[in-house]
Structure formats: C-alpha cells, structure tokens
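Dear colleague,

I am handing over the structure below, and my notes on its salt bridges follow it. Please read them with the coordinates open.

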Amino acid sequence: MLRVALMDDHPLMLKVVSQELAQALDIKIVWKTTDSAELTERVKRDLPDVLVLDLGFAQQHFEPVNAVRDLRARFPNMAILILTSYDDPVWVDELMRAGAGGYILKSDDFSLRLPDAIRTVAQGRPFLSPSAASALSDSRRKYTLTSRERTILRLAAEGLTNGEIAQSLG
C-alpha cells in the first residue's frame, strides 16, 4: 500500500484528488493540507511514500523549489510529485532538478495519470505529463540563467522585495 500525502491551496482540489485516488486500491491518503507552513511538521509526523504537491500558495511565502530541495534532503525516501496548473518551462526544469520525481499539469487530464504517476515516482522513476515533458524540453533549449538566477527572478516577479527574497532563500 502506497502512503500518499496531498498539499494544495484549494480545498476543492484536495477533495477531487482524494476522490480520484480513492479508486486506486493500492493507494492510501494519510493526510492532506492547504497550509504550506505546516508541511515539514506534517511530513515529520507522518512520512508518506509520495507527497503530491501544488505550487500555488498565495499569501503563504512558499518557495516550491527550495521546499522540494529541502524535503528531498531531509526525507530522501519520500518521493515528490508536482500536480499544478503552472506550465512555465522554468518551473518544470527547476523542480525536476531540485528533486521532484514527477510533474503533472492539471490541464493534462490528471485523473487518468495520477495513480500511475504516484506508483512511478514511488519506484524512483521520473514521470512527466505530456505538457510537462514538452515544457521541460523547451526549457532546456531556451533558457540560460542559472537555477539560482531563475529563482530570484521568479520571486521578484511575484512582487517580493530584495529583503523578502533574501529571507526566502535563506
């Protein structure tokens, strides 16, 4: 039985994903949250095999690339699967480099792929939905900024001040 945790800022999305995964007999949802601030404590308290993670957490000072990198360093046996609406090639590239095992776009009819994606990343193999695979390919052809530069640029584009960016990046 694969133990799965869900984190998404939309309660309705958590409900939909939970219902989709309830149909898979080999997957059990151990916890779910909409609050990025409690993520690390939840993982420490009840370590899942796979964390299904959304990227959009408005007003919550959540930097996904650093979070994925930190979680992978602290909990190397936990796989991370990104499930998001963000189709920016830079996001896909950075998150995969940071240690995400897979990336699924919500627009790619995720319900057909989610159980397979969870099983795949739990086995240590990468999983990309079709649009995410295309975005990753585009990213590697087009962008020349370093990972750190892209993170800083993205945070600045989100409206963070230099001090907030520095604090977010540690």
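A salt bridge is taken here as a side-chain nitrogen of Lys or Arg within 4 Å of a carboxyl oxygen of Asp or Glu. This is a predicted model, in which local features need pLDDT of at least 70 and side-chain atom pairs count only at pLDDT 80 or more, while totals for chains, interfaces and linings use all residues. Residues are numbered from 1 along each chain as its sequence is written, and side-chain values use heavy atoms, with hydrogens and water left out.

The whole structure contains 11 salt bridges. In one of them, arginine 119 meets aspartate 26 at 2.7 Å, N to O. This pair links distant parts of the chain, 93 residues apart, with arginine 119 in helix H5 and aspartate 26 in the loop between helix H1 (11–22) and strand E2 (27–33); helices (H or I, at least four residues) and strands (E, at least two) are DSSP runs, numbered from the N terminus.

Two further pairs each lie within a helix. Arginine 74 and aspartate 70, both in helix H3 (residues 64–74) and 4 residues apart, have their closest N and O atoms 3.6 Å apart. Arginine 97 and aspartate 93 meet at 2.8 Å, N to O, and they are separated by about one helical turn because they stand 4 residues apart in helix H4 (residues 89–98). With buried meaning under 20% relative accessible area, exposed over 50% and partly exposed in between (1.4 Å probe, protein chains only), arginine 97 is exposed at 54%, whereas aspartate 93 is buried at 2%.

Finally, a network of salt bridges links Asp8, Asp54 and Lys106.
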